[in-house]
Amino acid sequence: MPDDAVVEHAPAKLNLALHVVGRRADGYHLLDSLVAFASVGDLVALRPGPLSLRIDGPFAEGLDDGPDNLCLRAARLAGADVSIALTKNLPVASGIGGGSADAAAVLRGLARMGHPLPDAPERLGADVPVCMGSVPARMQGVGETVTPLPALPRVPLVLVNPGVAVATPRVFAALGCRDNAPMPAIPAFRDGTGLIRFLAGTRNDLQAPAQDIAPAIGQAVAALRATGAGFARMSGSGATCFGLYDSHVQAARAARRLARHGWWAVASELAPPGARG
Ligand SMILES: C[C@@](CO)(OP(=O)(O)O)[C@H](O)COP(=O)(O)OP(=O)(O)OC[C@H]1O[C@@H](n2ccc(N)nc2=O)[C@H](O)[C@@H]1O
Ligand SMILES: Nc1ncnc2c1ncn2[C@@H]1O[C@H](COP(=O)(O)OP(=O)(O)O)[C@@H](O)[C@H]1O
């Protein structure tokens, strides 16, 4: 029987740099972030039918498939009745935007099925606008200002999650200073070395407060460096960390070593534009 599913890849979002540069009156923080996407991600498949959600995949357990799931919230925002199958490959609530990526993938898929994109997708989450395009971008404001950047080099990387949950609001609340300097101007990068040189002059302002809450994050970053990463940092509000490597062989070997700690560790690469898994 032919399958009429519309399939969308929901790539992991990486905050390669994340500067917190202020705070709005409503408590949301103003950000300045270099966002990229990895080739690893979740998968959503949409089929015509009454609104429903089925979840499988390595991180399906523990993720609620009820009405608050971001896939269903996205479909409701678009006013669409659709049957959604989500393959959850990314750890939940871990700083790589899995929920936002899923919501954006549902909206993209619905657009392919003829449903107009809803206004203000940021109502679903601060990371949804950048996940809509899933291309490298400078993200500012509270996430609603997205400026696409030229393609990044396809740098081999490893994502590692030390298995600790850190709640995003708690990390923001633990920030020492909320008025930090913005990122420097972002040049075009010819290779991974140029990208790493730039990142060395940037920060993730959420890493120190997240590490105070969950010291395993510091251990994960140190372990990435010990496996030869030329650069390692936490993404978003954590706890997932990334390391950038010279080669895919080195990244694959590092992921195998890091997994021996009992951590989720996958080798991937910075996704080329248009990559859809
Ligand atoms: C920190 C970031 C950086 O990309 O990534 P993650 O760690 O979530 O991946 C995002 O801004 C998170 O985006 P998202 O996870 O969609 O956040 P939301 O659900 O909108 O907000 C969760 C909570 O985080 C805090 N929050 C979020 C975004 C922001 N700019 N300022 C904030 O203070 C608020 O307390 C808010 O109630
Ligand atoms: N489809 C989904 N995938 C992941 N998380 C979801 C989803 N729907 C709702 N959530 C909820 O959204 C929150 C943020 O999840 P996620 O986007 O994975 O994390 P983060 O914003 O830290 O990268 C979690 O508390 C989770 O329970």
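This is a predicted model: local features need pLDDT of at least 70, side-chain atom pairs count only at pLDDT 80 or more; totals for chains, interfaces and linings use all residues.
Close-up 1. Let's start with what α1 hides: its buried residues are Leu-70, Cys-71, Leu-72, Ala-74, Ala-75 and Leu-77. That makes six of the eight residues in α1, so the helix counts as mostly covered. What does the covering? Among the elements over these buried residues are β2 (29-48), β3 (52-56), β4 (82-87) and α2. Just past the end of α1, look for Gly-79, which takes a positive phi of about 70°.

**Close-up 2. Helix α1 packed against helix α2.** To describe a pair of packed helices, you give the angle between their axes and the distance between those axes. Here, α1 (residues 70-77) and α2 (residues 98-112) sit at an angle of about 35°, and their axes are 8 Å apart. The crossing of α1 past α2 is right-handed.

**Close-up 3. Who meets whom between α1 and α2.** On the α1 side, find Leu-70, Cys-71, Arg-73, Ala-74 and Ala-75. Their partners in α2 are Gly-99, Ser-100, Asp-102, Ala-103, Val-106, Leu-107 and Leu-110. Sorted by class, this contact has eight nonpolar, two polar and two charged residues. Handy to know while you look: an α-helix has 3.6 residues a turn, so residues three or four places apart point the same way.

**Close-up 4. The shell around ligand 2.** Now zoom in on ligand 2, which has 17 residues around it. The closest are Leu-70, Ala-93, Gly-98, Gly-99 and Asp-102. By class, the shell holds six nonpolar, 10 polar and one charged residues. Why does ligand 2 lie between domain 1 (6-148) and domain 2 (156-269)? Because both domains give residues to its shell.

**Close-up 5. The shell around ligand 1.** Over at ligand 1, how many residues surround the molecule? There are 19, and the closest are His-29, Gly-125, Ala-126, Gly-236 and Ser-237. The elements that put two or more residues into this shell are β1 (6-23), β2 and α4 (168-173). The shell around ligand 1 splits into seven nonpolar, 11 polar and one charged residues. Domain 1 (6-148) and domain 2 (156-269) both contribute to the shell, so ligand 1 lies between them.

Note on methods. Residues are numbered from 1 along each chain as its sequence is written. Chains are lettered from A and ligands numbered from 1 in the order in which they are written. Axes are lines fitted to C-alpha atoms, for helices over the stretch in contact, and angles run from 0 to 180 degrees between N-to-C directions. Helices (H or I, at least four residues) and strands (E, at least two) are DSSP runs, numbered from the N terminus. A crossing is left-handed if the near helix is turned anticlockwise from the far one by less than a right angle, and right-handed if clockwise. Two residues are in contact if their C-beta atoms, placed from the backbone, lie within 7 Å. Ala, Val, Leu, Ile, Met, Phe, Trp, Tyr, Cys and Pro count as nonpolar, Asp, Glu, Lys and Arg as charged, and the others, Gly among them, as polar. A residue is buried if 20 or more other C-beta atoms lie within 10 Å of its own, exposed if 12 or fewer, and partly exposed in between; C-beta atoms are placed from the backbone. A residue is near a molecule or strand if its C-beta atom, placed from the backbone, lies within 6 Å of it. Domain bounds come from an automatic or database domain assignment.
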